[in-house]
Amino acid sequence: MVEVHLWSGLRSLTGGHHVVEVEAKTTGELLVALVQAHPQLQAPIDAGVSIAINGRVIATGLTEPIPEGSEIYLMQRLRGG
Amino acid sequence: MALDDRKSDFTFVGTRPNRPDGLDKVTGRAKFGADISAPGMLHGAVLRSPHAHARIVKIDASKAEAHKDVKAIVTRADFADVPFRPGLEGEFYNVLENVMAGEKALYDGHAVAAVAATSALAARDALKLIEVEYEVLPHVTDVDKAMTPDAPVIREGAADYSVPEGMHPNVVRYHESGHGDVEAGFADADLVIEDSFVTEATHQGYIEPHACLGMLGNDGKGELWCTTQGHWIAQKTCAALLGIETSQLRVTASEIGGGFGGKTTVFIEPVALALSRKANRPVKVVMTRSEVFRATGPTSSASMDVKIGMKKDGTISAAQGVFRLQGGAFPGAPGDMTAMCAFAPYNLNNVKQIGYDVMSNRPKQAAYRAPGAPMGAFAVESVIDELCNKLGLDPVDVRLKNAAHEGTKASYGPTYERIGLVETLEAAKAHPHYAAPLKPGQGRGISCGFWFNHGGETSVSLALSEDGSAQLMVGTPDIGGSRASMALMAAEVLGIAYENIRVTVADTATLGYNDVSHGSRVTYASGLATIKAAKHAVEKLCERAAAKWGIPVDAVKWENGCAVPSGPNAGDFDPMPLADITADMGSTGGPISGHFEATPEGAGVSFGTHIVDAEVDPETGKTSVTRYTVIQDAGKAIHPTYVEGQFQGGAAQGIGWALNEEYVYGEDGRLQNSIFLDYRIPVASDLPMIDTVIVEVPNPGHPFGVRGVGETGIVPPLAAIANAVSNAAGVRMKQLPMSPPRILAALKDNG
Amino acid sequence: MSKLHVSTTVNGDAVEYLCDPRETLLDCLRDKLNLTGAKEGCGTGDCGACSVTVDGRLVCSCLMLGVEAEGKQIETVEGIADGDVLHPLQQKMIEYAALQCGICTPGILVAAKSLLEKNPNPTEEETRYWLAGNLCRCTGYDKIIRAVMDTAAELREAS
């Protein structure tokens with residue numbers, strides 16, 4: 001199991017939780033598991049998210065491995081100029 | 001991505017050779033967007049709304065159609081039928097609405113029709129013959145007014161999931177993040193300062209207006225030449241808007257005359273293609289400067305409230321910010337980025353940030369260099385400066401005391417990897433500039449700044465020639481000397497001379513997908529891709545050498561441009577240079593190339609610290625920047641001169657944003673300063689030399705340690721200059737730009 | 001509207017073109033003579049990307065009509081190098097990395113050459129004021145000013 005930290009704006013979609021525990025070995029599995037746990041998270045995920053694994057921001061990849069015990073943050077998709 | 005092979009001793013990287021495209025650019029032969037023509041070419045021109053908000057009742061183009069030189073006219077009806085086309089939603093829909101107005105014109109300058117004629121003059125003449133009947137609607141151009149209950153609604157239903165109930169429909173996205181308990185933190189503080197700040201919209205100000213040449217047949221096959229930061233996004237967007245298949249449109253990026261984020265989307269490109277399809281001839285469209293200002297993306301304007309609590313020893317006990325960003329008539333203002341970046345330089349136990357994306361009757365905002373970050377830094381770093389002044393603390397010491405470092409929980413959530421903020425602050429403290437005496441009337445300001453940096457989808461292909469030279473194809477337009485950096489990195493891996501590598505920005509038919517040149521990603525991501533592609537080629541070179549020597553491939557390694565036996569047991573062979581292997585590659589297995597196609601993850605965040613001295617003339621309110629020093633972590637500077645150039649360019653743009661530049665709208669909702677005379681960007685006589693210090697704290701996410709450098713440099717200037725000006729004038733400046741009338745007004749208010 | 005015939009000299013070459021009386025010299029250089037080195041950044045004489053010299057005088061070619069070129073001597077960026085030998089200003093611009101995107105470079109070169117012909121020993125301030133009519137959005141001008149002043153020093157030594 002990994003703990004996924006959400007940004008506080010998402011708490012209204014998860015019944016007030018800002019940490020969601022899911023079973024996932026990759027970034028792709030993590031997103032699927034998040035929606036299974038809280039279906040309303042589909043909207044922000046569709047709008048674009050990045051996943052920070054131990055501080056490194058994974059922008060798009062669904063195959064990045066998630067080591068056991070990693071620190072995981074869901075973040076809004078980053079844009080640049 | 002595993003980074004097993006970090007490198008720290010370099011032969012080519014870190015040197016300063018001449019750029020490969022230098023000759024073309026100093027002789028006038030480099031081809032920019034408007035420098036191309038085609039046989040049978042027509043010239044296009046775009047008719048734009050004079051109203052800030054109006055329903056388009058009727059467009060009568062019959063007189064223009066009757067003009068002998070006019071060959072095609074397009075309106076919204078000539079683009080893909082949006083509601084029924086799957087995939088054409090979200091941002092594509094917004095871009096289509098922006099490229100050609102549908103039911104309503106949403107801002108002064110919004111495109112409503114376009115013509116193609118046999119000459120540019122004839123096309124402009126023909127525009128005057130198109131009659132548009134408008135029903136003028138109430139408009140709003142100010143972010144705070146756009147959020148009030150009686151503000152006109154720009155578009156119903158544009159808000160996404162994130163917006164709390166009860167907000168005005170013009171509020172389309174909402175972001176909230178942070179950690180700890182800010183109220184407890186404020187209670188713990190010895191001094192709390194809360195203040196409000198405003199920044200105006202500024203334009204990227206690239207000197208080259210948008211320009212393109214499009215050809216599209218009724219067989220759905222097309223060609224597009226355009227000035228862009230990303231020709232794959234242009235390809236994908238144009239194809240969607242015109243209802244053709246992406247792969248049938250080949251897009252070639254011209255040399256690009258500046259972008260800074262503003263050329264990451266399309267404006268006239270789909271229009272040129274639609275005109276071409278109708279006329280069955282190539283169509284060139286070039287914007288005027290006024291069109292660039294009125295209709296292409298400026299940055300967002302911002303209205304912000306920041307509250308910070310500090311202990312007597314300088315420790316920040318709590319920080320909170322609300323950032324309202326106006327992004328024009330479409331969703332997309334980076335309020336979320338502003339919020340996430342605002343407090344990122346600091347190690348905070350209690351922090352909360354809220355960002356709003358608000359629509360108004362202004363042009364669709366586009367990214368501008370670290371989009372969203374400079375405004376937040378302006379507000380936050382101004383309050384920190386005020387706290388330092390009131391508590392009698394040194395501003396660099398206070399920032400050092402609170403600085404984020406490896407292991408700090410970032411204000412936006414995760415824990416930082418190795419970062420270089422502390423190193424930039426220590427360099428600032430040690431820099432002679434920081435200790436230099438100030439003259440009467442001068443003030444000094446410092447600020448830190450943060451930007452995320454980006455990786456992005458990247459394809460690179462490297463092919464070796466028989467004579468041992470290499471051609472490298474990248475997909476990221478060279479906007480500031482990146483060909484030189486790419487060649488240096490390829491030379492480093494291959495071990496051949498920099499001059500023997502030709503770097504080409506490939507077109508969309510020649511290479512796989514590439515994300516835009518944005519997010520400070522080129523040297524990081526295309527660089528990483530170049531290194532990987534070159535290593536891929538080296539693997540094959542080693543295989544050929546092994547076959548020639550008759551030893552296993554794992555007994556061969558690559559050193560200084562040669563295959564060599566990996567150890568004494570591998571066999572006794574002289575080093576085999578690259579050119580010896582490529583010379584007969586046709587008969588030893590065929591062409592040798594290397595590739596990389598992936599999304600590099602691990603761009604590595606970046607920090608900078610700026611020191612500014614400013615002098616304010618109390619009679620006129622004019623500010624002069626008398627000394628400027630940029631200190632920034634580049635991870636590893638591949639070509640240090642171009643890294644310095646990015647630092648200096650970011651500072652100069654920040655000076656313009658802080659002191660002069662602003663979009664000025666009249667009561668009628670029309671932009672009042674759409675030429676360079678009235679929208680004044682810094683000129684040579686406005687600026688001092690800009691000193692630079694390159695700090696190198698390697699990014700663990702790149703084989704050579706690179707961090708992007710393009711954007712971070714514009715984050716600190718607004719605040720650093722505002723702090724310098726405030727300290728010089730003796731009054732806190734809370735609104736940008738700090739133009740002479742605003743400074744005089746502030747001095748007067750202060751008595 | 002009928003077109004007018006113009007005979008002029010560009011970079012030493014005698015040339016002719018037909019132009020609409022409303023077309024600028026910049027339009028004529030770019031569209032009729034295929035000399036696309038001069039750029040249109042603003043069309044209002046504010047950015048200097050279209051800088052050329054006319055009978056030795058520095059002008060914005062977007063502010064001059066094509067018909068006004070009749071009988072004049074025009075010099076553009078394409079005429080700065082001597083055959084395959086770059087002018088020292090061109091060489092220094094490359095060496096100093098005094099260009100990033102390069103769109104302002106032709107105008108800067110024409111203007112800087114004009115400066116050095118009038119004043120072989122300009123101060124930093126004089127250089128900055130002379131080039132104040134040439135906008136650069138990439139560099140912050142630092143490396144441009146250094147390149148021009150170093151060229152001036154080199155040319156003084158050589159003469």
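**Exercise 1. Find how many residues of domain 1 and of domain 2 of chain C are in contact, and describe the side of domain 1.**

Step 1. In this predicted model, 14 residues of domain 1 of chain C touch 11 residues of domain 2 of chain C; a contact means that the C-beta atoms, placed from the backbone, lie within 7 Å.

Step 2. On the domain 1 side, strand 3 (residues 51-54) of chain C gives the largest share, three residues. Helices (H or I, at least four residues) and strands (E, at least two) are DSSP runs, numbered from the N terminus.

Step 3. Sorted by class, that side holds seven nonpolar, six polar and one charged residues. Here Ala, Val, Leu, Ile, Met, Phe, Trp, Tyr, Cys and Pro count as nonpolar, Asp, Glu, Lys and Arg as charged, and the others, Gly among them, as polar.

Step 4. Now place the domains: domain 1 spans 4-79 and domain 2 spans 88-158 of chain C, with bounds from an automatic or database domain assignment. Their centres, taken over C-alpha atoms, are 22 Å apart.

A note on reading the model: residues are numbered from 1 along each chain as its sequence is written, and chains are lettered from A and ligands numbered from 1 in the order in which they are written. Local features need pLDDT of at least 70, side-chain atom pairs count only at pLDDT 80 or more, and totals for chains, interfaces and linings use all residues.

**Exercise 2. Work out what chain B brings to its contact with chain A.**

Step 1. Chain B contributes 37 residues and chain A 25 residues.

Step 2. Strand 7 (171-179) and helix 10 (335-342) of chain B each supply at least two residues of the chain B side. Strand 7 of chain B gives the most, five residues.

Step 3. The chain B side divides into 13 nonpolar, 16 polar and eight charged residues.

Technical notes
Contact = placed C-beta atoms within 7 Å.
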